[in-house]
Amino acid sequence: MTLKHVTPPLRKTGTPRAGASILRWQLAYGTLGVPQAAAPIAFGLVALPLTGSVESGATMVFAMTTAQVLGAVPVSRLGRRFNGVHYLRALIAVRTIALAAVTVLAAVGAPFAFLVAAVVAAGLVNGAAYGYQRLLLNYLVSPDRLPRALGVAATLNEINFVLSPVLASLLGAVSPVGAMAAITVLGVGPMLLLPPIPQARGPQDGQPSGTGERIPAEVLLWLFCAAAGGAAVAAVEVGAVSFALSFGLAPGWAFLFASVLCVGAVTGGVWVSLRNRVPERWKVAFFLVMSTAASGVILAGGHIALTLAGAAVLGFFLPLLGTFYSLVVDGLAPPGRRAEMFAFLRTANSLGVIATSGLLALRGLPTALLGSAALLLLASCLAALHAVLARRGRRPGP
């Protein structure tokens, strides 16, 4: 597969300066998701003393995720004419102020509605922040090294999603407000770690912006696949407590199911990094079929070992698919709309999480698992059909 890539990377990407810049980008990416990874536990702990209900934390997570979905595209478009690093730092500053407000409001015992308003402000910039973080990588890495860089980023992201909830739990046991303060400080990481990238600027006066170019319809396919994958992963992560109870375990064993999923994802991220290749469409369809099979095993249940094995397989293919989606969107999107499309990609994943969370809350774990498996099955069929048509030459390749 050949992906177009017209954003100029830094020259001599093997130089120490370029290597240091890539390392700084990776570390910034790793800390970008800390607040979102720790939010379910941290929000639940700070909301409990105010409302007396741990479910209030889920309300805060839902409010932040919904705001992220609504704000991803418009906030991304606002930054088109600015330097990408400067704009991303501004977005992180807004998120930090909003999370700091949550910490202070929780400390003083403010009404719960004030906390919800603050997390909405944090969520509004989250999707766009991801879009610009991903866009900046194009200036640091040559196209042939992008799969490896994205594989490393996926590995760091999964490590973050393993460690951040643990950190929130440990600190929250001592002080819920302290845990909230800690994740707020860690979330500042991208603002401090990002390297300067002068060439990551928007179009200047008299230059075409490229923002009026149409998005190829093929992008919709991969956005749907990303949403289906997000739904399947959320069924395991959000439903972890339900899984534990269904197998007769204490609720505290919920971490086991999410941890196995993340270990599988870390393994998949390492595999992507070592191979450093862009998979063909038929391989992506195969990845989706295997993910669907793993989701089916989880749905069937029966024995905890089978469920854990299904979660591990599902996690393994997560970075393989995520890396492909990022690369194919990069290749299909017009240059002036790449940040917007990367934000759309994160938004699609969030929509899958919201859909599964809603089914889990309204209809229970079996329905949520069935719904997510059905979405993955449909995504697999569409991807396989697209691969067949592309091989026959009926559609242009990305």
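Modeller: A residue is buried when its relative accessible area is under 20%, exposed when that area is over 50%, and partly exposed in between, using a 1.4 Å probe and protein chains only. The model is predicted, so local features need pLDDT of at least 70 and side-chain atom pairs count only at pLDDT 80 or more, while totals for chains, interfaces and linings use all residues. Residues are numbered from 1 along each chain as its sequence is written, and side-chain values use heavy atoms, with hydrogens and water left out.

Biologist: Why is Glu-340 called buried?

Modeller: Its relative accessibility is 2%, and the limit is under 20%; therefore Glu-340 counts as buried.

Biologist: What makes the pairing of Glu-340 with Arg-77 a salt bridge?

Modeller: A salt bridge requires a side-chain nitrogen of Lys or Arg within 4 Å of a carboxyl oxygen of Asp or Glu. For Glu-340 and Arg-77 the N to O distance is 3.1 Å, and the pair qualifies. Glu-340 belongs to helix α14 and Arg-77 to helix α3 (residues 55-78), 263 residues apart. Helices here are DSSP runs of H or I with at least four residues, strands are runs of E with at least two, and both are numbered from the N terminus.

Biologist: Why is Arg-77 called partly exposed?

Modeller: Its relative accessibility is 40%, which lies between the limits for buried and exposed; therefore Arg-77 counts as partly exposed.

Biologist: Which other residue forms a salt bridge with Glu-340?

Modeller: Arg-80 does, with the closest N and O atoms 2.6 Å apart. Arg-80 lies in the loop between α3 and α4 (84-108) and Glu-340 in helix α14, so this pair ties together parts 260 residues apart in sequence. Arg-80 is partly exposed, at 23% relative accessibility. Through shared partners, salt bridges join Arg-77, Arg-80, Arg-337 and Glu-340 into one network.

Biologist: How many salt bridges does the structure hold?

Modeller: It holds five. One of them pairs Asp-330 with Arg-338, with the closest N and O atoms 2.6 Å apart, and both of these residues are buried.

Biologist: How do you know that the length of helix α14 agrees with expectation?

Modeller: The expected span is 1.5 Å times one less than the number of residues. Helix α14 (residues 338-363) has 26 residues and should therefore span 38 Å; its end C-alpha atoms are 37 Å apart, which agrees. Gly-364 follows α14 and has a positive phi, near 100 degrees.

Biologist: What makes a set of residues a nonpolar core?

Modeller: The members must be buried Ala, Val, Leu, Ile, Met, Phe, Trp, Tyr or Cys residues joined through side-chain atoms within 4.5 Å. The largest such core has 77 residues, and those with the most contacts inside it include Trp-25, Leu-136 and Trp-222. A second, separate core of 25 residues includes Ala-47, Leu-105, Ala-110 and Ile-183.

Biologist: Why is Gln-133 called buried?

Modeller: Gln-133, found in helix α5 (residues 112-137), has a relative accessible area of 0% and is therefore buried. Beyond its neighbours within four places in sequence, Gln-133 is in contact (heavy atoms within 4.5 Å) with residues including Trp-25, Tyr-29 and Leu-194.

Biologist: What share of the 398 residues is buried?

Modeller: Buried residues make up 52% of them, in a protein with 15 helices and zero strands.
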